Amino acid sequence: LAATDPVAVVALLKSVGASDRLTMQIMGESLLNDGTAMVLFTLFFNMHMDWVQYDAAGILSFFVQMTICAPLLGLLIGTIGYLWMRSASRRHSHTDVTIQTSVTVVVAFLAFYLAER
């Protein structure tokens, strides 16, 4: 499976003077393709390795988990990270790169860890 390469397409669109709206639609389509490829790869990989035996209800549950629950978890953890970074910026220098980098890494790892459990 291979998703489209938005960088090449966007570069071509900019060189021919395409609108910004079309460029954003291409980028959004690419993100949707990447997400779909990851969900399908995970589903088929689990089935191939015999880790999970899916029936129709199991496949539907897997898709709901990946398309609804995962983004909600990401929004929740992202909001917590944003509030954490905002509160740290008020106490320390607004441009404290160490705090911003640390919070970003911790929040990203936390989201990955919770999503995989």
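The expected span of a helix is 1.5 Å times one less than its number of residues. Helices (H or I, at least four residues) are DSSP runs, numbered from the N terminus. The model is predicted, so local features need pLDDT of at least 70, side-chain atom pairs count only at pLDDT 80 or more, and totals for chains, interfaces and linings use all residues. Residues are numbered from 1 along each chain as its sequence is written, and side-chain values use heavy atoms, with hydrogens and water left out.

View 1. Helix α4 covers residues 97–116. Its 20 residues should span 28 Å, and the end C-alpha atoms are 29 Å apart, which agrees. Ile99, Val103 and Val107 of α4 are buried (under 20% relative accessible area; exposed is over 50%, partly exposed in between; 1.4 Å probe, protein chains only). These three cover an arc of only 55° around the axis, so they sit on the same side of α4. The arc is taken from the directions from the helix axis to the C-beta atoms. The face turned away from the buried side carries exposed residues, including Val105, Phe109 and Phe112.

**View 2. Trp51 in a loop.** The loop between α2 (20–48) and α3 (56–91) holds Trp51. Trp51 counts as exposed because its relative accessibility is 55%.

**View 3. Thr23 and Ser19.** Thr23 is part of helix α2. Thr23 counts as buried because its relative accessibility is 9%. A polar atom of the Thr23 side chain lies 3.1 Å from the backbone oxygen of Ser19.

Note on methods. Helix = DSSP H or I, 4+ residues; strand = E, 2+ residues; numbered from the N terminus. Polar contact = N/O pair within 3.5 Å; in protein donor to acceptor, adjacent residues only side chain to side chain.
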